[in-house]
Amino acid sequence: MTTPEERIAALLRALPAPPQGLTEAAKELPAARRELETIVARIERDARFRALVAADLEQTLRVEGVEPTPAVVALLRRRLEP
Amino acid sequence: MDPASDAELVARCLADEQGAWDDLVDRYARYVYAIAARVYRLEPADAEDVFQEVFARVFERLDTLRDVDALRPWIAQTTRRCAVDTLRRAGRETSVDELPDGADEGLAQLDEAMTVHAALTGLSPDCREILDRFFTRDESYRTIGAELELPPGTIASRIARCLARLRDVLDPDAARAPGRKTPAHASGGKVRRRR
């Protein structure tokens, strides 16, 4: 028979910590959004730039001086969705 | 037990309150990762991509959440959709409503686990740390003892004591019941696993 403590221990184990860095990257999203505002505005008014971003998102970000962190890339991909 | 409800947390995020988004990520990071990695059994790299995608979606769409008390099911559903998209891209046909074998139980267990994790806030920082290190970071008695400058035997007894405290936080009525066993007796004084 399982004791309450064993049950609690099993439930604690059910939620392991995500790999290091993942959580911190997600916390960067508010800063990433601020950083992306200029780029998103340009994507919306410049079809050629939009095509460049769609072709190679990470490289375009670098050219624009924005570090393509996972948070920035995930957020920009969301913005590019139809 | 929990310092703020999900509804309060959402309101703080939507008001751009300092630290609110960090709190939301801290509260749900393990949940999202566990759904991707354990319920849908995605490869580690895929689970990490799903994790990033889910938080990007939640961040972008938080203001569209109609029922602010439904944050957890909304995040669960978003994670399921992202996981299913990943499986489809990998050529595994599936739908959002079609869960892998045992996934229903897995999701229910994660909801229960979230309640237990929320109850950790009712413990001392020392107890929270030792339980987190042992059960969720999978650290050995030796590693924890070295970090906290305590003998391994002391770590084992502290884990047992902190688990008993957590049990009392989760079930305060039982904790007040007459004739309640002491923590050492209740746990048999033992915590299984690593030495």
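Which helix of chain A does A:L80 lie in? A:L80 lies in helix α6 of chain A. Before I go on, please keep in mind that this is a predicted model.

A:L80 has 13 other C-beta atoms within 10 Å, and the cut-off for exposed is 12 or fewer while buried needs 20 or more, so A:L80 counts as partly exposed. If we leave aside its neighbours within four places in sequence, A:L80 is in contact with A:V53 and A:A54. Take A:A54: in sequence A:L80 and A:A54 are 26 residues apart, yet from C-alpha to C-alpha they are 7.7 Å apart in space.

Now to where the two chains meet. On chain A, 26 residues are in contact with 33 residues of chain B. Four helices of chain A each supply at least two residues of the side that touches chain B: α1 (4–13), α2 (22–27), α3 (29–45) and α6 (70–80). The largest share, seven residues, comes from α1(A). Sorted by class, this side of chain A has 20 nonpolar residues, two polar ones and four charged ones.

Next, chain B, and a pair of helices in it. Helix α3 (residues 44–61) and helix α4 (residues 71–89) of chain B pack with their axes 9 Å apart, at an angle of about 135°. That angle makes α3(B) oblique to α4(B). The crossing of these two helices, α3(B) and α4(B), is right-handed. From α3(B), the contact is made by B:D46, B:D49, B:V50, B:E53, B:V54, B:R57 and B:V58. From α4(B), the residues are B:I75, B:T78, B:T79, B:C82, B:A83 and B:T86. By class, the contact of α3(B) with α4(B) has six nonpolar, three polar and four charged residues.

Let me finish with α4(B) on its own.

Which residues of α4(B) are buried? They are B:L71, B:W74, B:I75, B:A76, B:T79, B:R80, B:C82, B:A83, B:V84 and B:T86. What covers these buried residues includes α1 (6–14), α2 (20–39), α3 and α5 (103–119) of chain B. After α4(B) comes B:G91, which has a positive phi, near 90°.

Definitions and conventions
Residues numbered from 1 in each chain as written. Chains lettered and ligands numbered in written order. Predicted model: local features only at pLDDT ≥ 70, side-chain atom pairs only at ≥ 80, totals over all residues. Contact = placed C-beta atoms within 7 Å. Nonpolar A, V, L, I, M, F, W, Y, C, P; charged D, E, K, R; others polar. Axes fitted to C-alpha atoms, helices over the stretch in contact; angles between N-to-C directions. Parallel < 35°, antiparallel > 145°, perpendicular 65-115°, else oblique. Left-handed = near helix turned anticlockwise from the far one by under 90°.
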